[in-house]
2 protein chains.
Amino acid sequence: MNHGKKRIAVLGSTGSIGQQTLEVVRALPDRFQVVGLAAGKNTALLARQIKEFKPEFVCYQEQKTQAHLTDNEYELLSLEELASHTRVDTVVIATAGKAGLSPTLAAIRAGKDVALANKESLVAAGEIITREAKLNSARILPVDSEHSAIWQCLRGETQPASQLILTASGGPFHQCSLAQLNEVTVEQALKHPSWQMGSKVTIDSATLMNKGLEIIEAHWLFDIPIDNISVLIHPQSIIHSMVEFIDGSVKAQLSCPDMRLPIQYALSYPERLANPQLPRIDWSNIKALKFESPDFDIFPCLKLAIAAGRKAGTYPAVLCAADELAVELFLSRRIKFTDIARLVEQVLDKHKAIANPTLEEIIAADDWAREKVSQLNTGG
Amino acid sequence: MNHGKKRIAVLGSTGSIGQQTLEVVRALPDRFQVVGLAAGKNTALLARQIKEFKPEFVCYQEQKTQAHLTDNEYELLSLEELASHTRVDTVVIATAGKAGLSPTLAAIRAGKDVALANKESLVAAGEIITREAKLNSARILPVDSEHSAIWQCLRGETQPASQLILTASGGPFHQCSLAQLNEVTVEQALKHPSWQMGSKVTIDSATLMNKGLEIIEAHWLFDIPIDNISVLIHPQSIIHSMVEFIDGSVKAQLSCPDMRLPIQYALSYPERLANPQLPRIDWSNIKALKFESPDFDIFPCLKLAIAAGRKAGTYPAVLCAADELAVELFLSRRIKFTDIARLVEQVLDKHKAIANPTLEEIIAADDWAREKVSQLNTGG
């Protein structure tokens, strides 16, 4: 019997957030049950996860050619069917990039609790997602450590924040010059100093585009103007973000940098659960928490994201899509690290934006941006 | 008409906390109204406060000899009458030491909101005060910056904290040796690096007795075992305290060191109010927040307080009273700085404690402790 267990579907179960979500479930088997798993191409790992967690539902990209991955009994569903299934309480959206948008909306329209690790869908379609969530009484529970921190700091507060202060590790290059950034290799960019993450978000952390996307994400999640959200470099990643209130009081949330904590908080909310696997801060080892102001000239992606967030409409969707493709080009060694910002900026400059776009217009803007990056990169 | 204004009585209005409470009221005249003022010997300042705030009720030590301090119309009341008057919504207990206990209990028994800056009454009689508050639906709203921080961090949380981390500036001597402490002058001890406070609490901050008393205070305010409360030296006094939850997540409250914020928060709770006079943290000026572990051998008062808190009964009352008198002796240059801890320890050692004491037994223990300090100091 599983009475009282939260039934979880993990979309993107073989990625970094997906695997850590399963670690949380593994540590707290009396509280959570995996009823659905969805993954992309890593079918070997997915097969192992199916054996261990015995989900009722599975979704994978190659499902048409392979009827079943393992001997376990399960039903094959599409991402959207899984995200909206009545057997599911909480949907963890841990797929990266554009692929998260459609199942996120399906889960929201089914009134689910949506533990959202995919920031691109909120950035591109924040207005639609938050409106649909309200209409359908679905809760969007942030999984990003920064947004989880803000959410925890806002807990119990009855008035809006006056300012959100997003902390940023600054990535591996936060003390580099522009000239040094020009020569950055893929290997250097993938070496994040404090967080273990997927490659897309690791590169976004190195360009600070990740922090820019998080500003737009925070804007939608917490209904606060872009201009009331600031960024503070904090290389140790212990303070995960802060909230300033109208009386000048500031609340911060801190922990060792470990994504399992914000994942677990989103799954267990409003309860907090003891999990012996989660590390605790050892204050005798912390002599100082350090801060720097971000350098917008060295990290133009941050500036681009803030500008796109302010202009709104289809700009954030174009920002997201152009960045996603530019990062792919960098990872496949076809452009330089500094070309990521250059390409994104060129695409944003050429974009003819639509205000208050429909979902179709957002998807069209996304397609257009990807096309444009390809053209620009091949000199088209 | 004063509909909607909170009616405040300030007990100890001429002291540091009292004056800062009146600054908050002065800054927010649409929200707060001073209906009562009580002070000790500083009748000149009290007279000016009466002229400015026009309270309905006044209480002062010398009232029997002087019928009225000013031409304003007001009624003379005792501390207890003022603290429990039906015209009063919130009672600010800003009197130092033993004098706070009786009006605190009067306010609680009248079911008031009690903004409590007097830590000695909670330390000495925490069990009685918290029990009476529950019985009479009175709220105890902490004014100490550390307890206000913890209270803010616990806001909206539905489960108990797993650990409270009280930050301490460490006072002026946090990097001194025992030999150096032996030679400390009154002037050096009164120079606090980050806070402007009354002389008793400033000396208690220099010995770290203040932090020890705050541990016992936090124990009663937040119903958490003494052993789950730790102390972290943070000389900048920007993080005012932290709370660790069972999942390992930590919340901290930060602000510029300015007592008007916790005072205002206690007065306005559950609302937060914009007050242009309250400073805001300028993150571009903060390169690091620094921490040290406290040295229990250099600051034995901290150890004494924790031990007294653990043993409970009348021990905390004896700790408080012995410390109060020892600090007076130091301020009047009759004992050395390091004698404060020595005297308190000797008195605690000689004390025959009573478990679950009545108010009378607490007052008797207090009297005994003062007598004992005098005897010990005069070689009796």
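**View 1. Strands β1 and β2 of chain B pair in the parallel sense.** In this predicted model, β1 (residues 6-11) and β2 (residues 32-39) of chain B are joined over 6 bridges, where pairing requires that DSSP finds at least two bridges between two strands and a strand is a DSSP run of E of at least two residues, numbered from the N terminus. Within this pair, Val10(B) stands opposite Leu37(B) of β2(B).

**View 2. An open, parallel sheet of 7 strands in chain B.** The strands follow the order β4-β3-β2-β1-β5-β6-β7, and the edges are formed by β4 (75-76) and β7 (139-142) of chain B, each of which pairs on one side only.

**View 3. Helix α10 of chain B, residues 209-222.** The 14 residues of this helix (a DSSP run of H or I, at least four residues) reach 20 Å from the first C-alpha to the last, close to the 20 Å expected at 1.5 Å a residue, the expected span being 1.5 Å times one less than the number of residues. Because 13 of the 14 residues are buried, α10(B) is largely enclosed by the rest of the structure; buried means under 20% relative accessible area, with a 1.4 Å probe and protein chains only. Just after α10(B), Asp223(B) takes a positive phi of about 55 degrees.

**Notes.** Residues are numbered from 1 along each chain as its sequence is written, and chains are lettered from A in the order in which they are written. Local features need pLDDT of at least 70, whereas totals for chains, interfaces and linings use all residues.

Notes. Predicted model: local features only at pLDDT ≥ 70, side-chain atom pairs only at ≥ 80, totals over all residues. Heavy atoms only, no water. Buried < 20%, exposed > 50% of the residue type's maximum accessible area, 1.4 Å probe, protein only.
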